[in-house]
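Welcome! Take a moment to look over the structure below, then read on for a short tour of a few of its features.

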Amino acid sequence: MAGTRRAQILERAADLFAARGFHGVSVDELGAACGISGPALYKHFESKDAMLAEMLVSISEELLAVGRQRSAEAESPREAVHALVGWHVEFALHNKPLIVVQDRDWSSLPEQAREKVRSLQRAYVDLWADRLREVHPDLSAREARARAHACFGLLNSTPHSAMLPEPQMRAMLEGMALGALGLAG
């Protein structure tokens, strides 16, 4: 969907929602930001709620799909964790507005979309936890999930912490995440 008009609208909406909150942005403002009238947005999306739902479901789908792919391509569990960390850092550095929207506007997400996002996120956490347990067999499933969540907290802080040039920020985040996961060095 990258490059489509829908994707462009979602990207602009994410920027606006991140800056002012989902409820702080009107349909007319969204349309104006996209170079169309507010009502013209309804040619692309059923409602503003549908726009938020597609935005957050699609990022959860992308995180899981690419995470699975990179994990599967790795030659060892350790490399798989490195690949997952690298992928999440890449995602976090390039999708700061979406991270803000996910965090702040979660409660505005329609219930059906919220359940879909939860399901995708659980699968993503389990992917990380499974790989962590392969690297650290002494970890319980609960401990591995806790480590994954803690790592996500660090990496998803980028909307607030990304104060360095991207290459430095990437290296710092990857090093900190791998250290927190017991894979430094």
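Trp128 is a buried residue in this predicted model: its relative accessible area is 1%, which is under the 20% cut-off for counting as buried.

**Aromatic rings**

- A pair of aromatic rings is described by the distance of the centres and the angle of the planes.
- The ring centres of Trp128 and Phe152 lie 4.9 Å apart, and their planes meet at 80°. Because angles over 60 degrees count as edge-to-face, this pair is edge-to-face.
- Trp128 sits in helix H6 and Phe152 in helix H7 (residues 141-155), so the pair links distant parts of the chain, 24 residues apart.
- Phe152 is buried too, with a relative accessible area of 9%.
- The structure has 5 aromatic pairs.

**Helix H6 and its neighbour H3**

- Helix H3 (residues 48-73) and helix H6 (residues 111-135) have axes that come within 9 Å and cross at roughly 20°. Since angles under 35 degrees count as roughly parallel, H3 is roughly parallel to H6.
- The crossing of H3 past H6 is left-handed.
- On the H3 side, the residues in contact include Leu56, Val57, Leu63 and Leu64. They meet H6 residues, among them Val117, Leu120, Tyr124 and Leu127.
- What kinds of residues make up the contact of H3 with H6? They divide into 12 nonpolar, 4 polar and 4 charged.

Key: Residues numbered from 1 in each chain as written. Predicted model: local features only at pLDDT ≥ 70, side-chain atom pairs only at ≥ 80, totals over all residues. Heavy atoms only, no water. Axes fitted to C-alpha atoms, helices over the stretch in contact; angles between N-to-C directions. Helix = DSSP H or I, 4+ residues; strand = E, 2+ residues; numbered from the N terminus. Parallel < 35°, antiparallel > 145°, perpendicular 65-115°, else oblique. Left-handed = near helix turned anticlockwise from the far one by under 90°. Contact = heavy atoms within 4.5 Å. Nonpolar A, V, L, I, M, F, W, Y, C, P; charged D, E, K, R; others polar. Phe/Tyr/Trp six-rings, centres within 6.5 Å; stacked < 30°, edge-to-face > 60°. Buried < 20%, exposed > 50% of the residue type's maximum accessible area, 1.4 Å probe, protein only.
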